[in-house]
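Subject: Structure handover

Hi,

Here is the structure for you to look through. My notes follow below.

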Amino acid sequence: MFTFSLPELTFEHLQALAPFIGVGFVAQLVDGALGMAFGVITNTMLVSIIGVAPARASASVHLVETFTTAASGISHIFHRNVDWKLFARLVLPGMVGGILGAYLLSNIDGSVARPFVMAYLIGIGFYLLWRAWRMDHGAEHKPARVIAPLGLVGGFLDAAGGGGWGPVVTSNLLVQGTEPRKTIGTVNTAEFFLTFTISLTFVFTLGIEAFTIAAVGLIIGGLLAAPLGALLVRRIPAKRLLTMVGIVLVATSLFSLWKALS
């Protein structure tokens with residue numbers, strides 16, 4: 001007779017997972033509330049602190065994000081943070097860009113352009129801070145005009161650089177004048193389809209062994225934080241939300257630029 005038993009979970013296992021659970025919780029809380037930073041935080045930790053190869057780190061992060069973005073997307077839908085017209089125009093180009101980026105990272109070194117992308121995002125971050133400073137509480141928002149190319153570039157950079165969908169897509173949509181709450185919720189919800197596609201591409205190009213055990217802890221922490229991020233973005237005023245996005249974008253991009261150049 002066929003039997004199945006789960007492996008014994010010891011105190012040592014929990015102790016080893018605890019730091020990854022904590023990082024996953026904090027990263028997803030920031031990402032769910034501001035529409036960015038999960039990939040940057042977790043990928044930086046895996047590559048810089050633990051020493052995981054960039055392709056394996058990106059594969060692990062995107063596997064984790066398949067779970068966390070699903071939970072985050074459901075939460076954003078529940079809180080009515082999603083613009084479905086924007087979602088429809090964003091998701092397919094993002095998936096195509098993700099496939100191309102994952103293939104590139106699996107076969108050649110795509111890090112050459114990373115410093116230029118980070119410098120661009122730093123500039124966008126300061127522009128968002130300037131916009132938030134000048135914003136009135138009753139300011140009108142405008143629909144975005146450039147969407148599909150943005151999704152394509154954001155998906156490509158996310159897979160090739162281990163993170164970038166949120167910083168590229170969220171920030172550039174906000175620059176076009178979109179409403180922060182709906183923008184963040186829509187980008188987070190579309191990200192599930194992006195990360196699922198990228199994870200499958202990494203499985204086909206690198207194999208299942210590309211995913212590290214750290215992914216388990218990151219998944220647990222991310223799932224715990226996902227509902228909180230969607231609630232926060234609904235409660236925070238638009239001006240404060242834009243300010244927080246600008247600060248996080250500048251800080252994470254400066255750090256990534258420093259790592260790329262060092």
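Which residues lie nearest the centre of the second largest pocket? They are Asp83, Leu86, Pro143, Ala144 and Thr178, out of 13 lining residues.

First, the ground rules. This is a predicted model, where local features need pLDDT of at least 70 and side-chain atom pairs count only at pLDDT 80 or more, while totals for chains, interfaces and linings use all residues. Residues are numbered from 1 along each chain as its sequence is written, and side-chain values use heavy atoms, with hydrogens and water left out.

**Overall**

The protein has 10 helices and zero strands. Both are DSSP runs, numbered from the N terminus (helices: H or I, at least four residues; strands: E, at least two). Buried residues make up 50% of the 262 residues. Buried means under 20% relative accessible area, exposed means over 50%, and partly exposed is in between (1.4 Å probe, protein chains only).

**The pocket**

A pocket is an open set of points on a 1 Å grid over the protein atoms alone, where a 1.4 Å probe fits, with protein on both sides within 12 Å along at least five of seven lines; lining residues have an atom within 4 Å of a point. The second largest pocket holds about 210 Å³ of space. That volume is the space filled by probe spheres set on the points. Helix H4 (84–107) and helix H8 (180–206) each supply at least two lining residues. H4 gives the most, with three. The lining divides into four nonpolar, three polar and six charged residues. Here Ala, Val, Leu, Ile, Met, Phe, Trp, Tyr, Cys and Pro count as nonpolar, Asp, Glu, Lys and Arg as charged, and the others, Gly among them, as polar.

**The patch**

Val96, Leu100, Leu152 and Val153 make a nonpolar surface patch of about 320 Å². Nonpolar side chains are joined within 5 Å. H4 and helix H6 (148–161) each supply at least two of the patch residues. Val96 sits in H4. Val96 counts as partly exposed because its relative accessibility is 44%.

Helix H7 (residues 165–175) is mostly covered, with 10 of its 11 residues buried. Among them are Trp165 and Leu174. After H7 comes Gly177, with a positive phi near 100 degrees.

Arg240 lies in helix H10 (residues 238–261). Arg240 counts as exposed, at 55% relative accessibility. Arg240 and Trp133 are 107 residues apart in sequence, and their C-alpha atoms are 9.3 Å apart in space.

Best wishes

Terms used:
Patch = residues over 30% accessible without salt bridge, like charges linked within 9 Å, V, L, I, M, F, W, Y side chains within 5 Å. Areas by Shrake-Rupley, 256 points an atom, 1.4 Å probe, with all protein chains shown as cover. Salt bridge = Lys/Arg side-chain N within 4 Å of Asp/Glu carboxyl O.
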